[in-house]
Amino acid sequence: MTTTDTKTFGLVGLGAMGYPMAQNLARKAPDTAKLVVYDLSTKAIEDLYAEYPEKVVKGESAEDVFRQADIIITMLPEGKHVRSVYIGSGTNLKTVNLKDKILIDSSTIDVETSLAVKAHITQIEPSASFYDAPVSGGVEGAAKGTLAFYIGIEENDPNFPIVQAATRLMGDENKIIPCGKASLGLVAKISHNYLGGVMNVVCCETMNLGIRAGLDPKMLYRVLVAGAARNPLIEHGNCVPGLVSSAPSSNDYKPGFKASLMAKDMSLALQMAETYKSDLVLGSPAIDLYRKALPDLGDYDFTALYRLFEEQKVKSSS
Ligand code: NAD
């Protein structure tokens, strides 16, 4: 099977990420292909159908999507939602013929849930294939179709060409990365976001330190971008408003990547470290900061953490 042969794609979860991913699928899938979609929000289904009536088929349930489609992508918030759609109360996949179907879960969830879903699918239908394929690039990347996909698949897996072709419809072809066996896509994504989450704390601390000690913010920016500590968060996503016009900070911290999602991914990293007995020194204080920021800043970009430093709220009791 190739994507050109694929008659029907499916997508469950038309939220901030899933909706623009579905738009890209509807735009780029072969003319003869259909896209069956489902979300708990009927409005999201109706809106997508209104945009692409010739391509989109309104699914009646998640189960209906699995029944009608050959390649199904799920884009759901957390492990419990993924479990509900694949195993639990949300569907009964045992009643669906999953023969030869390819199931791609792009949600950022814990490794244990993903492996449990894979085992469940294999038990129901051994010819069906389930892959973890979380993404990076945010809502903007989803809209532009430039997402990175970290896939729990071996490069020599016979399904890799079709998974690669399907994810290319939503992502940057140079960033479709086969990370190895099942769950390693999630390991990659969670490791990546751990680094981003901790780096953000250090960038906020550094900007605050230099500015409080008297450096002009623009001068500090110039120095950091010229030096060895240069990194994309300082250079492109700088947390101090007014330094980089395209950064969320210069747009009232409009996300970007929400602080609440970063807090979720940092918890996944801590959970993964516990499971794999990997010491994390900076993880606990970093997640405490995100949790402290959540009530006020959860819906803002994660670089809005800077406000805690700016307002000297970091050390106040939580
Ligand atoms: P979201 O909350 O905006 O969307 C999730 C969608 O899933 C909602 O529309 C919801 O109605 C739907 N849903 C929940 N349970 C369902 C069910 N049982 N059946 C059908 N639909 C159901 O979340 P999002 O921002 O799109 O994120 C999705 C995943 O992608 C998360 O795991 C997140 O961590 C990850 N992610 C998000 C971003 C980002 O910038 N938003 C970036 C990278 C990765």
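Trainee: Which residues of helix 12 are buried?

Mentor: This is a predicted model: local features need pLDDT of at least 70, side-chain atom pairs count only at pLDDT 80 or more, and totals for chains, interfaces and linings use all residues. Residues are numbered from 1 along each chain as its sequence is written, and side-chain values use heavy atoms, with hydrogens and water left out. Helices (H or I, at least four residues) and strands (E, at least two) are DSSP runs, numbered from the N terminus. Buried means under 20% relative accessible area, exposed over 50%, partly exposed in between (1.4 Å probe, protein chains only); in helix 12 the buried residues are Gly283, Ala286, Ile287, Leu289, Tyr290, Ala293 and Leu297.

Trainee: Within what arc do the buried residues of helix 12 fall?

Mentor: The arc is taken from the directions between the helix axis and the C-beta atoms. The buried residues of helix 12 line one face of the helix because, seen down the axis, they fall within an arc of 155 degrees.

Trainee: How far does helix 12 reach from its first C-alpha to its last?

Mentor: Helix 12 runs over residues 283-297, with 15 residues.

Trainee: What percentage of residues 185-308 is helix?

Mentor: UniProt, in an unreviewed entry, lists these residues as "domain: 3-hydroxyisobutyrate dehydrogenase-like NAD-binding". UniProt positions follow the numbering used here, feature names are shortened, and annotations may be inferred rather than shown by experiment. Over this stretch the end C-alpha atoms are 32 Å apart.

Trainee: Which residues come nearest to the ligand?

Mentor: A residue is near a molecule or strand if one of its heavy atoms lies within 4 Å of it. There are 24 residues around the ligand. Those that come nearest are Ala16, Met17, Asp39, Pro77 and Lys264.

Trainee: How far is a polar side-chain atom of Asp39 from an oxygen atom of the ligand?

Mentor: A polar contact is a pair of N or O atoms within 3.5 Å; within protein, one must be able to donate a hydrogen and the other to accept it, and residues adjacent in sequence count only if both atoms are side-chain atoms. A polar backbone atom of Ala16 is 2.9 Å from an oxygen atom of the ligand. A backbone N or O atom of Leu40 lies 3.5 Å from a ligand nitrogen. For the Asp39 side chain and a ligand oxygen, the distance is 2.6 Å.

Trainee: The side chain of Ser107 reaches the backbone nitrogen of which residue?

Mentor: Ser107 sits in the loop between strand 5 (102-105) and helix 5 (111-124). Ser107 is buried, because its relative accessible area is 1%. Beyond four places in sequence, Ser107 touches residues including Thr74, Val82 and Pro134. At 2.9 Å, its side chain reaches the backbone nitrogen of Leu76.

Trainee: Is Thr108 buried or exposed?

Mentor: Thr108 is also placed in the loop between strand 5 and helix 5. Among its contacts beyond four places in sequence are Pro77, Lys189, Lys264 and Asp265. Its relative accessible area is 13%, so Thr108 is buried.

Trainee: Which residues of helix 5 are buried?

Mentor: The 14 residues of helix 5 should span 20 Å, and its end C-alpha atoms are 20 Å apart. What covers its buried residues includes helix 4, strand 6 (129-132) and helix 8. The buried residues are Val111, Thr113, Ser114, Val117, His120 and Ile121.

Trainee: Near what value is phi of Lys277?

Mentor: Lys277 lies in the loop between helix 11 and helix 12. Lys277 is exposed, because its relative accessible area is 71%. Its phi is positive, in a residue other than glycine, and is near 50 degrees.

Trainee: What is the relative accessibility of Val37?

Mentor: Val37 belongs to strand 2 (residues 34-38). Leaving out residues up to four places away, Val37 touches Leu11, Leu14, Ile45 and Val65, among others. Val37 counts as buried, because its relative accessibility is 0%.

Note on methods: The expected span of a helix is 1.5 Å times one less than its number of residues. Contact means heavy atoms within 4.5 Å.
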